Amino acid sequence: MKRIILLFFVVTISCNKTTEKNTVDFTTKFEKSEGLETTTYTETIAYFQQLASEFPEISIQEVGETDSGNPLHLVVFNNNTTFDFNKIKESSKNVILINNAIHPGESDGVDASMLLLRNIVQDKNKVKELDNIILAFIPIYNVGGALNRNSYSRANQNGPKEYGFRGNARNFDLNRDFIKADTKNTRAFAEIFHLVNPDVFIDNHVSNGADYQYAITHLFTQHNKLGNDLGAFIENNMRSEIEAYLLKKDIIITPYVNVWGSTPETGFSQYFDSPRYSTGYTTLFNSLGFMVETHMLKPYKQRVEQTYSLLESAIDFTIKNGSKIKELRKNAVAKILENKTYPTTFEVARDTFTKLQFKGYDGRLINSKVTNGKRLFYDKTKPFTKSVDYYNQFNIKNEITIPKAYILNQGWWKIIDRLNDNNIEYTIFINDTIITVEEQHIKDYKTRNSAYEGHYPHYN
């Protein structure tokens, strides 16, 4: 009799454990607050760790170190449960890398990514649909800024209730640091980026500035700078198809509204993302990169939902065009070298533009209630749709002949560190060597009077 009771007890406990495992609550703080709140850094990492423990298609690992002393985390979805990127690189799978909270007050992508990954792994059909896609997420990039939480550093932003601070643990703006790599965050990002080698890179942001009817805009890397077939593909195929995907979901989207001190209907140019920015950096390695820019004046719930939809649309596009993307990336370096020259600076082509049917609000200058001057006011009771000039073509201003090699002084160890971080191949002279070279000198320059993040920038 005792044995029967004991057996019954064991079976009961076992059943309870199984039931408990299948009923883990993955409702996010965003959902529980009805779109008013976002998770903390600790809550975000714990959420992804719990997903990884419940679903074998997800892994989470620590990579490198940030200025805060904490590591970066890399969350990966792969439906065949392979997470060794040496093996993944040998497959035909397309990798999408999604970066969140580079500015932690811009937390839309954090919540959207949590919802997206949860909804995928809880749906067997979605898991199967992503048979040729690997999703990689950096849940929170600016860890120090995320830990410095407040409710007041982003004036007029329409939610969430609390959020992180823009600067990192050393008050660096991480989206100005990619090519100079002065922070540990950036060096850890480089480790992730070159490990993952993404075909598509997405960085989630929130913008301010002008007001308009759109809750979301996109900032694709400047296509002339990306160049060759990849540049034409991102401008003529990727951008237009993702816009069309969103329109089917009744989401209107426009290019990032690059105006400061004037109204959008006067026209604006495409934003030129130099390698100081994330997408300017990632496209140096022929990834198709773009930023998501929701608008801070729109409700937080709407911004997160539209970020979610844009991520879905980017995934759908990559599924459809995966083999083409692989082909373009494979041939990109050879295409560059065929040209014999390489552009170093660009300028907006003012004689060439496309027309946008822009949905804005009437803007005018009114008297400021807090200063003696004027301020720009957008009247939301007066929406409009107007044809606006969009300058999205850039001409090469300066270019160089591609050299056989660059020779570096052994003492330039900071440069060598950055080459190592970015997997740039080089050789070291074993013996003293005499060769004929061209040497370049800077004839003249001017320097700013104030420092920026430890540097006095030069110009002219």
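Visitor: What makes the meeting of the side chains of Lys184 and Glu65 a salt bridge?

Guide: In this predicted model, the N to O distance between Lys184 and Glu65 is 3.6 Å, and a salt bridge is a side-chain nitrogen of Lys or Arg within 4 Å of a carboxyl oxygen of Asp or Glu, so the pair qualifies. Local features need pLDDT of at least 70 and side-chain atom pairs count only at pLDDT 80 or more, while totals for chains, interfaces and linings use all residues. Residues are numbered from 1 along each chain as its sequence is written, and side-chain values use heavy atoms, with hydrogens and water left out.

Visitor: Which parts of the chain does the pair of Lys184 and Glu65 tie together?

Guide: The side chains of Lys184 and Glu65 meet in that salt bridge. Because Lys184 belongs to helix α8 and Glu65 to the loop between β1 (58-63) and β2 (72-77), the contact ties together parts 119 residues apart in sequence; helices (H or I, at least four residues) and strands (E, at least two) are DSSP runs, numbered from the N terminus.

Visitor: Why is Lys184 called partly exposed?

Guide: The relative accessible area of Lys184 is 43%, and with a 1.4 Å probe and protein chains only, buried means under 20%, exposed over 50% and partly exposed in between. Lys184 therefore falls in the middle class, as does Glu65 at 37%, whereas Lys340 at 58% counts as exposed.

Visitor: What makes Lys340 stand out in its backbone?

Guide: Although Lys340 is not a glycine, it has a positive phi of about 70°, and it sits in the loop between α12 and β10 (341-348). Glu34, in the loop between α2 (29-32) and α3 (41-54), is likewise a non-glycine residue with a positive phi, of about 60°, and its relative accessible area of 64% makes it exposed.

Visitor: Why do His218, Leu219, Phe220, Pro255, Tyr256, Gln270, Tyr271 and Tyr390 count as lining the second largest cavity?

Guide: On a 1 Å grid over the protein atoms alone, a cavity is a set of points where a 1.4 Å probe fits but cannot get out, and lining residues have an atom within 4 Å of a point; these eight names meet that condition for the second largest cavity. Strand β6 (residues 216-220) gives the most to this lining, with three residues.

Visitor: How do the residues of that lining divide by class?

Guide: The lining divides into six nonpolar, two polar and no charged residues, since Ala, Val, Leu, Ile, Met, Phe, Trp, Tyr, Cys and Pro count as nonpolar, Asp, Glu, Lys and Arg as charged, and the others, Gly among them, as polar. The lining of the largest cavity, by contrast, has seven nonpolar, five polar and one charged.

Notes:
1 Å grid on protein atoms, 1.4 Å probe; cavity = no way out; pocket = protein on both sides within 12 Å on 5 of 7 lines; lining within 4 Å.
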